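Work through the exercises below with the structure open beside you. Try each task before reading its solution.

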Amino acid sequence: MGRTQQAPAGVAALLGTSTPRFSDAERRRRRDAIAGLLDAYDLRAVVVYGAHRAGTAIGWLTGWPTTREAALVLDHSGHDVLYVQFRNHVPQARTLAHTELDVRWAGGSTIDTVLAELATRGPAGRVGIIGPLPHTAADRLDAAGVTRVGLDRAYTAMRLVKSDEEVAWLRAGAWLSDLGISALTDGLRPGITEQEAVALAEHPCATHGGSMHICYLASTAMDDPHRCVPGQFPTARRLARGDVVVVELSAAFHGYAGQVLRTFTVDAPLSPLHRRLHGIAEAARDALLGIIRDGTTPAQLRDAAGVIEDAGLTTCDDVVHGFGGGYLPPVVASRSHTDAPLPDQPLAAGMTVVVQPNVVTLDGRAGVQTGELVLVTPTGYERLHTATPGVIATGPAGAVPR
């Protein structure tokens with residue numbers, strides 16, 4: 001039956017905080033990094049934009065996880081203003097955002113309000129832009145004589161190596177993600193739908209104050225497979241004895257998500273095909289983890305994953321990617337994906353990356369998932385997750401990881 005997971009002391013302390021915030025020193029580190037771009041790019045201001053929970057920089061700099069729309073204006077004056085849509089979102093934004101921020105309603109038009117704010121700070125000139133600014137807003141800036149300077153790449157570079165405080169929040173996200181895997185371990189059984197399976201995974205995360213970043217899932221019969229990779233939207237298909245279920249799950253603690261990938265069987269042992277696929281996936285996982293350390297290159301990672309193609313198989317996703325504050329570099333595909341450029345960004349101590357050697361048949365009918373988020377260290381890696389590795393067998397009488 002189900003097993004109770006107790007959060008580590010540091011994670012429990014974070015989860016028990018009604019209004020979690022990073023320290024003043026951490027906040028200053030981030031703000032100073034952005035402010036450094038003002039001189040580096042000869043800017044008079046920086047505008048950071050986010051909408052519909054897209055654009056991670058608003059949350060990173062302010063503590064407010066963007067809902068409908070938000071824009072941050074900062075310059076050398078030190079008077080940073082966060083404009084928030086909708087009006088009824090402003091009270092909680094003031095609660096969650098860093099206390100020294102000036103948080104205001106963004107008015108009838110966020111971009112017009114931003115332009116008015118910029119006008120109070122001097123004549124039109126070069127303004128740095130971070131985030132997914134829509135073309136209509138960009139056109140308004142252009143018409144006002146603003147010279148837009150894209151800073152997304154510079155911002156992404158700031159997110160690659162995590163601070164100690166960020167790693168602590170990622171541990172909380174990893175623990176919440178592991179709760180989802182535990183719930184699936186205990187609850188997957190013949191008769192429930194994929195939609196109900198996702199609800200199982202989401203419940204403990206919400207109970208402990210987290211939010212589900214993604215829960216991708218797909219089920220298919222092992223003796224007649226037709227799905228090789230987790231789907232982004234669960235279906236009403238009911239699980240049956242002899243199914244395989246592949247899952248990619250990321251639960252988040254205030255924007256800091258873990259990521260864990262697993263393969264489940266439903267009241268049956270692995271089929272010979274899926275046993276072979278998972279064996280190759282585990283070999284690739286171990287090969288990748290065996291070389292992860294400060295300085296490892298994407299070329300070395302691709303070579304390590306070559307056991308997949310050597311076995312006459314392929315992948316349907318990247319095998320390694322940065323994570324924690326976005327889908328980050330380096331993004332490394334296996335060697336059968338010649339259309340995917342090989343990046344030149346080596347690993348560095350303090351990065352967090354997802355090792356996920358998904359393995360699928362060449363015809364795309366069958367596939368498995370394994371892997372998780374790890375912290376790169378000077379000499380290797382550190383697990384952030386505690387979810388049981390390997391295939392997880394489930395059934396009506398309970399679950400037995402193996």
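Predicted model: local features only at pLDDT ≥ 70, side-chain atom pairs only at ≥ 80, totals over all residues.

**Exercise 1. Find the length of helix α9 and compare it with the expected span.**

Solution. Step one: count the residues. Helix α9 runs over residues 194–207, which gives 14 residues. Step two: take the span. The first and last C-alpha lie 21 Å apart. Step three: compare. At 1.5 Å a residue, 20 Å is expected, and the span is close to that.

**Exercise 2. Which residues of α9 are buried, and what do they pack against?**

Solution. Step one: apply the cut-off, under 20% relative accessible area. Glu194, Ala197, Val198, Ala201, Pro204 and Cys205 are buried. Step two: recall the helix rule. An α-helix has 3.6 residues a turn, so residues three or four places apart point the same way. Step three: find the partners. The buried residues of α9 pack against α8 (164–187), β7 (211–221) and β8 (243–253). Step four: look just past α9. There Gly209 has a positive phi of about 90°.

**Exercise 3. Describe the largest pocket and its lining.**

Solution. Step one: volume. The largest pocket holds about 1,200 Å³. Step two: centre. Its lining has 48 residues, and Arg53, Thr56, His213, Gly255 and Tyr256 are the closest to the centre. Step three: elements. β7 gives the most, with five residues. Step four: classes. The lining has 22 nonpolar, 20 polar and six charged residues.

**Exercise 4. Do likewise for the second largest pocket.**

Solution. Step one: volume. It is about 160 Å³. Step two: lining. Residues there include Arg262, Asp286 and Tyr381. Step three: classes. Five are nonpolar, two polar and five charged.

Notes: Residues numbered from 1 in each chain as written. Heavy atoms only, no water. Helix = DSSP H or I, 4+ residues; strand = E, 2+ residues; numbered from the N terminus. Expected span 1.5 Å × (residues − 1). Buried < 20%, exposed > 50% of the residue type's maximum accessible area, 1.4 Å probe, protein only. Contact = heavy atoms within 4.5 Å. 1 Å grid on protein atoms, 1.4 Å probe; cavity = no way out; pocket = protein on both sides within 12 Å on 5 of 7 lines; lining within 4 Å. Points joined across faces, edges and corners; volume = space filled by probe spheres on them. Nonpolar A, V, L, I, M, F, W, Y, C, P; charged D, E, K, R; others polar.
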